[in-house]
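Here is a note to read alongside the model. Please keep the structure open as you go through the points.

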Amino acid sequence: MQHTSKLTHVGTSIFAIMSQLAKAHQAIDLSQGFPDFEMDKNLVDLAVQAMQKGYNQYAPMPGVLELRLAISKKYELLYDTSYHPETEITVTAGATQAIFGVISTFIKKDDEVIIFKPAYDSYEPTVELNGGIPVSVELRAPNFKVDWSVVKKKITSRTKMIVINTPQNPIGTVFSERDMLELQKLTNDTDIMVLSDEVYEHIIFDGEKHQSACRFPGLKSRTFITASFGKTFHSTGWKLGYCCAPKALMEEFRKVHQFMVFCVNHPTQLAVAEYMATPKHYLELPTFYQRKRDFFLSLIESSGFTFTPSKGTYFQLLDYSNITDENDEDFAKRLVQEHRLASIPISVFYNEAPPTKVLRFCFAKKEHTLEQAARILNSISS
């Protein structure tokens, strides 16, 4: 049987490659973004209790109302704004499904979608699958700042959507209030939608405030926010997320959502809803992860790697230009094969590899794991 691929240029992802290498070489895996410590047993117990009470059949299509109410209350608490739990919030099978659903709902053939690179690797293929045209705005080391004059030049009559991610995976930067105001100004009086990927909203450091798109009325009116409980509650395997948007936009999203997954895991929704009734479970996250970031960086201060501390997410970039002239993919593979430490090369997130020599490491790990990784990094001289 012959067929034509819809994603001709997509091969095995770097995450699969590095994970396979890590397993083959019994390496410490700081490549993929998941914790190696257990989630809160109380949250696990709540899910078990929901199962034992019989909540094992289909949940309502938009998500259980208890969870949508909890999400709505969170936005009121943190951002002094609101989303109606019945019409403006939908629970999804992780944030990636929400992102796929938003793009699939609104992007048609030849629609242009602006994406800031380096970017989470699901955005561009999803745009292409729906016939859209990804338009890259490349952010460069060392500060990865957005030049909004460049963004303005990229906007055309075919621009349908701008995708942002703050805090930003893979580079650990955050959008400032000025960035959000610039985005609001650029999209005012246009039909451009914004997809704001905010899965790391609670993992932000050094006293910074998360600048959610919902804080800005002009943005909120045209924006889908996507979020992840997996990142927030150390439960990536649950694949539980959600999205928020104005009613008219959410109505369209749900038309697609019902045929993608219809509904999402029932008992975990009820568990998270009850868990969120105690806000400290997410309010304490910045302190929790900043300790891990600072611990990791303190261990490698005397290494040959250089760095700017991550502003958000649980990823840290390390520059190895003082160590070797190898490109980042080759060095990342050698790091696994010779030193048994797995990371992710940054160049794979760009359309054209930048001249910088940077690897991404996940610090959502036990202290013992980070100590082992640091010993390896400190031992590398060439």
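**Notes on the predicted model**

1. Start with Phe253. Phe253 is buried, at a relative accessible area of 0%. Buried stands for under 20% relative accessible area, exposed for over 50%, and partly exposed for the range in between, with a 1.4 Å probe and protein chains only. This is a predicted model, in which local features need pLDDT of at least 70 and side-chain atom pairs count only at pLDDT 80 or more, while totals for chains, interfaces and linings use all residues. Residues are numbered from 1 along each chain as its sequence is written, and side-chain values use heavy atoms, with hydrogens and water left out.

2. Next, the partner of Phe253. The ring centres of Phe224 and Phe253 are 5.7 Å apart and the planes are at 45°, so this pair is tilted. Rings of Phe, Tyr and Trp (its six-membered ring) pair if their centres lie within 6.5 Å; planes under 30 degrees apart are stacked, over 60 edge-to-face, and the rest tilted. Phe224 sits in strand E7 (residues 223–228) and Phe253 in helix H10 (residues 247–260), so the pair links distant parts of the chain, 29 residues apart. Helices (H or I, at least four residues) and strands (E, at least two) are DSSP runs, numbered from the N terminus. Phe224 is buried too, with a relative accessible area of 0%.

3. Now the other aromatic pairs. How many aromatic pairs does the count come to? The count is 23 aromatic pairs. One of them joins Phe116 and Trp148, edge-to-face, at 5.8 Å centre to centre with 70° between the planes. Phe116 belongs to strand E3 (residues 112–117) and Trp148 to helix H6 (residues 148–154), so the pair ties together parts 32 residues apart in sequence. Phe116 is buried at 4% relative accessibility. Trp148 is buried at 5%. Elsewhere, Tyr75, Tyr79, Tyr83, Phe229, Phe233, Tyr242 and Tyr275 make up one aromatic cluster.

4. Helix packing, H2 on H11. Helix H2 (residues 41–52) packs against helix H11 (residues 266–275) at about 130°, with the axes 8 Å apart. Axes are lines fitted to C-alpha atoms, for helices over the stretch in contact, and angles run from 0 to 180 degrees between N-to-C directions. H2 and H11 are therefore oblique to each other. Angles under 35 degrees count as roughly parallel, over 145 as roughly antiparallel, 65 to 115 as roughly perpendicular, and the rest as oblique. From H2, Leu43, Leu46, Ala47, Ala50 and Met51 meet Pro267, Leu270, Ala271, Val272, Glu274 and Tyr275 of H11. Contact means heavy atoms within 4.5 Å. By class, this contact has 10 nonpolar, no polar and one charged residues. Here Ala, Val, Leu, Ile, Met, Phe, Trp, Tyr, Cys and Pro count as nonpolar, Asp, Glu, Lys and Arg as charged, and the others, Gly among them, as polar.

5. Helix packing, H13 on H15. Helix H13 (residues 285–299) and helix H15 (residues 367–379) pack at about 30°, with their axes 9 Å apart. H13 and H15 are therefore roughly parallel. Lys292, Phe295, Phe296 and Leu299 in H13 meet Glu367, Leu370, Glu371, Ala374, Leu377 and Asn378 in H15. The residues of this contact divide into six nonpolar, one polar and three charged.

6. Check Leu240. Is Leu240 buried or exposed? Leu240 is buried, at 2% relative accessibility. Leu240 lies in the loop between helix H9 (229–232) and strand E8 (241–244). The C-alpha atoms of Leu240 and Val91 are separated by 7.4 Å, although the two are 149 residues apart along the chain. Leaving aside neighbours within four places in sequence, the contacts of Leu240 include Val91, Thr92, Ser228, Phe229, Val264 and Val272.

7. Backbone points to inspect. A cis peptide bond joins Lys117 and Pro118, with omega about 10°. Pro118 is in the loop between E3 and helix H5 (123–129). Another cis peptide bond joins Asn169 and Pro170, with omega about 20°. Pro170 is in the loop between strand E5 (159–165) and helix H7 (177–187).

8. Positive phi values. Gln26 is not a glycine, yet has a positive phi of about 50°. Gln26 is exposed, at 66% relative accessibility. Asp110 has a positive phi near 75°. Asp110 is partly exposed, with a relative accessible area of 31%.
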